[in-house]
Amino acid sequence: AARGFTLMAASTLAESFDLEPLNVRRLLILLRRLVLRDGQNYVFAPHSPAFRQQIARSMERQLEALFVRGAFAGRDPAQSYQVVVDETLNTRQTVESGQLIVELRVAPSQPMTFILVRLIQTEAGTLVVQEL
């Protein structure tokens, strides 16, 4: 007789169908750990277009490493992930309120739509990660 927990399927209790598969949840957990670890380096940096480009390049390197290991769907990085940190997210009002917003859009290695992970640096200097 089995003891403890036994897996019956590779599904989680996520409310969204796209977030339900276990491999997707594990990928999001990994992304969350990576961005929280590396995001702390950006907390006190001055907000500028050059700074946003630096963040984009850093995040793209991390996602490229995951892409090479097979974490994402798609034949090339453009089909697998996107890093958005431009003026559409970081409006003048957002910047003046002390926030920096970075969106990571990823397509896990099973057919599905992009999942959106949003990083928000608050005025208080904390880093918030949201799965949208």
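Gly39, Tyr42, Val43, Ile55, Met59, Leu100, Val102, Leu119, Ile120, Gln121 and Leu127 line the largest cavity. That cavity holds about 90 Å³ of space. The model is predicted, so local features need pLDDT of at least 70 and side-chain atom pairs count only at pLDDT 80 or more, while totals for chains, interfaces and linings use all residues. Residues are numbered from 1 along each chain as its sequence is written, and side-chain values use heavy atoms, with hydrogens and water left out.

**Cavities**

- The count comes to 2 cavities of 30 Å³ or more.
- A cavity is a set of points, on a 1 Å grid over the protein atoms alone, where a 1.4 Å probe fits but cannot get out; lining residues have an atom within 4 Å of a point.
- Grid points are joined across faces, edges and corners, and a volume is the space filled by probe spheres set on the points.
- Helix 2 (49–68), strand 2 (100–106) and strand 3 (115–121) each supply at least two lining residues of the largest cavity.
- Strand 3 gives the most to this lining, with 3 residues.

**Overall build**

- The protein chain has 4 helices and 4 strands.
- Helices (H or I, at least four residues) and strands (E, at least two) are DSSP runs, numbered from the N terminus.
- Read from the N terminus, the order of elements is α-α-α-β-α-β-β-β.
- The chain has 132 residues, and 37% of them count as buried.
- Buried means under 20% relative accessible area, exposed means over 50%, and partly exposed lies in between (1.4 Å probe, protein chains only).
- The accessible surface of the chain comes to about 8400 Å², and 55% of it belongs to carbon and sulfur atoms.
- Accessible areas come from the Shrake-Rupley method with a 1.4 Å probe; for residues, only the protein chains shown count as cover.
- Among contacts between residues at least 6 apart in sequence, 45% join residues at least 24 apart; contact means heavy atoms within 4.5 Å.

**Aromatic pairs**

- The whole structure contains 2 aromatic pairs.
- The ring centres of Tyr42 and Phe51 are 5.8 Å apart and their planes stand at 75°, so this pair is edge-to-face.
- Tyr42 and Phe51 are both buried.
- For Phe72 and Tyr81, the centres are 5.8 Å apart and the planes at 50°, so this pair is tilted.
- Phe72 is buried at a relative accessible area of 5%, and Tyr81 counts as buried at 9%.
- Rings of Phe, Tyr and Trp (its six-membered ring) pair if their centres lie within 6.5 Å; planes under 30 degrees apart count as stacked, over 60 as edge-to-face and the rest as tilted.

**Thr94**

- Thr94 sits in helix 4 (residues 92–96) and is buried, with a relative accessible area of 12%.
- Its side chain makes a polar contact with the side chain of Thr91 (2.9 Å).
- A polar contact is a pair of N or O atoms within 3.5 Å; within protein, one must be able to donate a hydrogen and the other to accept it, and residues adjacent in sequence count only if both atoms are side-chain atoms.
- Leaving aside neighbours within four places in sequence, Thr94 is in contact with Leu89, Gln99 and Ile101.

- Pro49 belongs to helix 2 and counts as exposed at 52% relative accessibility.
- Pro49 and Glu87 are 38 residues apart in sequence and 8.7 Å apart in space, C-alpha to C-alpha.
- Val106 lies in strand 2 and counts as buried at 0% relative accessibility.
- Val106 and Val83 are 23 residues apart along the chain, and their C-alpha atoms are separated by 8.8 Å.

Note on methods. 1 Å grid on protein atoms, 1.4 Å probe; cavity = no way out; pocket = protein on both sides within 12 Å on 5 of 7 lines; lining within 4 Å.
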